[in-house]
Structure formats: C-alpha cells, structure tokens
Amino acid sequence: MHIEDKLICIGLEAADRTDLLRQMVARLVSGNYVTEDFLRDIEAREVEYPTGLRIENAPYAFAIPHAHSACVLKDGICAATLKTPIEFGRMDEPELTVGASIVFMLAAKDSDLHLELLSDIVKLFSDAGFAQALMDAKNPDAFNRRIRDALR
Amino acid sequence: MADRKFIFVCCGAGKLTSFMCAEGIRKAFRERRIKGVNIQHGMMGDITRYKDKIDILVCSTNYKGEHSFPVINGISYVTGDEAGQEKVVVQLIELLNG
C-alpha cells in the first residue's frame with residue numbers, strides 16, 4: 001500500500017486554496033481516479049467542514065481535503081508538499097484558519113484500504129519529526145519511503 | 001437485543017475522521033471488554049436518518065447541533081491527543097451506564 005508516484009507533488013506552488021485543490025484534482029483526473037466534478041464536491045465539503053489541522057508540536061500544519069462523492073471512479077490518494085503554506089479552515093475550530101504545508105487529498109469509493117493508510121498517516125503527525133521528513137523529501141520515491149519507514 | 005446501545009460517530013464526509021474516531025473507540029472498548037455496543041461511522045447528513053436509534057452521538061468535527069441524545073466531540077482521535085481520547089471513553093462509559 002503506497003501512494004502512486006504520479007500522485008505525489010513535491011514543492012507544489014499554488015496561488016490559493018482553490019488553485020491548489022484544482023491542481024490536485026487534475027492529477028487524480030489524469031489518473032482516472034475521479035471525474036472533473038470531484039473538484040466541486042471537494043470545495044463544497046471544504047467550505048462546510050474544513051480539513052486543515054495543526055497538531056501540537058508538529059512543525060507544519062496539514063490538510064486532508066476529501067468528500068463523499070459520486071465522482072470517484074477508483075480509490076486513491078494525491079499528496080502534496082507546498083512551497084508556501086496555503087490557508088485552510090481548521091477542522092477543530094472552523095472559524096479559524098491554518099497555513100497548511102502538507103496536503104493529502106483522498107478519493108475514496110468503498111474500500112477502506114486508503115482510508116486506513118491515510119488515518120495512519122494523520123496519526124503520524126503527532127510525531128514532530130514526521131512532518132519535517134515529508135517536507136524534506138525531494139521526490140515521490142523519498143516521500144513514500146518516509147511514510148513506509150514511519151509506519152513500520 | 002433491544003437494549004444494544006448505538007453510538008453513531010460522524011464527520012462531514014462520513015469518511016476519514018469519523019473512521020479514525022470510530023476505530024479508536026472500538027479499540028478502547030475492546031481493551032476494556034465492553035460489549036453490546038454498536039459503533040457505526042457516517043456522515044453528518046445521516047444523523048436525521050438514525051435519530052430515533054442513536055443513544056450517543058460522537059462528532060469528529062466541530063458540531064453544534066442540539067439533540068435529545070448526548071453529543072460528544074471526538075476530534076482528539078484525529079489530533080492524536082491521548083488525554084482527550086481517554087476523556088471521550090470515560091464520558092461514553094458513564095453515559096452507557098447511566
């Protein structure tokens with residue numbers, strides 16, 4: 001179980017949250033994971049229930065945009081480390097925002113496999129070294145290796 | 001099995017954070033050998049559908065709805081806050097026994 005190389009964006013640059021989500025959805029679309037309308041569902045969900053989170057002591061905040069959507073064709077995760085943080089609403093305090101540097105976008109249809117992987121990844125954020133290791137990854141292979149090592 | 005309690009765990013999409021939260025509660029209940037409790041995860045939108053069956057509602061995201069059943073915040077299962085998770089479990093057990 002790992003994230004497909006083509007779905008890992010290292011040092012991504014985006015103008016704002018919408019632009020970031022658009023770029024990540026585009027990756028999922030090109031891999032036939034979702035249809036283009038997935039963006040609309042992800043955005044709507046993000047407005048209603050934001051997914052940004054900073055875990056105490058973690059050097060970087062993250063966001064996990066996802067949606068219950070009929071636009072998902074097959075399960076997958078798109079991941080990105082950002083050159084500059086992008087503001088996301090906070091999951092725990094929706095009125096506040098947090099500048100996320102690491103983003104995992106989940107496209108889940110019915111299997112729990114990716115759900116388990118992503119929930120394991122979120123749990124790893126309590127470890128201060130993990131977020132730093134992901135930010136330091138220079139390529140998709142290193143990014144996956146760091147997740148694998150941390151989960152071992 | 002009419003008295004089997006039903007804990008509904010929900011988040012916005014009914015996917016990730018409610019899954020994490022429900023898994024965490026199931027594990028805590030297993031460790032304490034608490035049986036006879038049905039724990040399901042789903043969407044905020046499902047609350048209305050289950051409202052006559054729910055004994056306790058746990059929300060893994062911020063939720064301010066008012067219901068006839070108790071509502072507990074389970075965000076600690078997403079943030080990895082172990083003290084917060086312990087509090088949730090203790091609260092659940094008190095409510096189940098109450």
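**Close-up views of a predicted two-chain model**

**Figure 1. The contact between chain A and chain B.** In this predicted model, 22 residues of chain A are in contact with 15 residues of chain B. On the chain A side, two elements give two or more residues each: helix 2 (38-48) and helix 3 (113-124). Helix 3 of chain A gives the most to this side, with five residues. By residue class, the side of chain A that touches chain B holds 13 nonpolar, four polar and five charged residues.

**Figure 2. Chain A as a whole.** Chain A contains five helices and five strands. Along the sequence these follow the pattern β-α-α-β-β-β-β-α-α-α. The C-alpha trace of chain A spans about 35 × 35 × 25 Å along its principal axes. For 152 residues, a compact globule would have a radius of gyration near 15 Å, and the 14 Å of chain A agrees with this.

**Figure 3. Helix 1 against helix 2 in chain A.** Two packed helices are described by the angle between their axes and the distance between the axes. Here the axes of helix 1 (residues 17-30) and helix 2 of chain A come within 10 Å and cross at roughly 140°. Helix 1 of chain A is therefore oblique to helix 2 of chain A; an angle would have to be over 145 degrees to count as roughly antiparallel. The crossing of helix 1 of chain A with helix 2 of chain A is right-handed. From helix 1 of chain A, the contact is made by A:Thr18, A:Leu21, A:Arg22, A:Val25 and A:Leu28. Helix 2 of chain A contributes A:Phe38, A:Leu39, A:Ile42 and A:Glu43 to the contact. The residues of this contact between helix 1 and helix 2 of chain A divide into six nonpolar, one polar and two charged.

**Figure 4. The five-stranded sheet of chain A.** The strands of this open sheet are in the order 1-4-5-3-2, and their pairing is mixed. Strand 1 (8-12) and strand 2 (52-53) of chain A are at the edges; each has a single partner strand, so one side of each is left without a neighbour in the sheet. Strand 2 of chain A pairs with strand 3 (residues 61-63) of chain A in the antiparallel sense, over two bridges. In strand 3 of chain A, A:Phe62 is the residue opposite A:Leu53.

**Figure 5. Chain B as a whole.** Chain B has four helices and four strands, and its pattern along the sequence is β-α-β-α-β-β-α-α. Taken along the principal axes, the C-alpha atoms of chain B fill a box of roughly 35 × 30 × 20 Å. A compact globule of 98 residues would have a radius of gyration near 13 Å; chain B, with 12 Å, agrees.

Figure 6. Strands of a sheet pair through backbone hydrogen bonds, either parallel or antiparallel. In chain B, an open sheet of four strands has the order 2-1-3-4, with parallel pairing. Strand 2 (37-43) and strand 4 (71-73) of chain B are the edge strands, and each pairs on one side only. On average, neighbouring strands of this sheet are turned by 25° against each other, direction ignored. Strand 3 (residues 56-59) and strand 4 of chain B pair in the parallel sense over three bridges. B:Cys59 faces B:Asn73 of strand 4 of chain B across this pairing, standing opposite that residue. Helix 4 (residues 82-97) of chain B lies across strand 1 (5-11), strand 2, strand 3 and strand 4 of chain B. Helix 4 of chain B runs at about 165° to strand 4 of chain B.

Technical notes. Residues numbered from 1 in each chain as written. Chains lettered and ligands numbered in written order. Predicted model: local features only at pLDDT ≥ 70, side-chain atom pairs only at ≥ 80, totals over all residues. Contact = placed C-beta atoms within 7 Å. Nonpolar A, V, L, I, M, F, W, Y, C, P; charged D, E, K, R; others polar. Axes fitted to C-alpha atoms, helices over the stretch in contact; angles between N-to-C directions. Parallel < 35°, antiparallel > 145°, perpendicular 65-115°, else oblique. Left-handed = near helix turned anticlockwise from the far one by under 90°. Pairing = 2+ DSSP bridges. Rg over C-alpha atoms; globule rule 2.2 N^0.38 Å.
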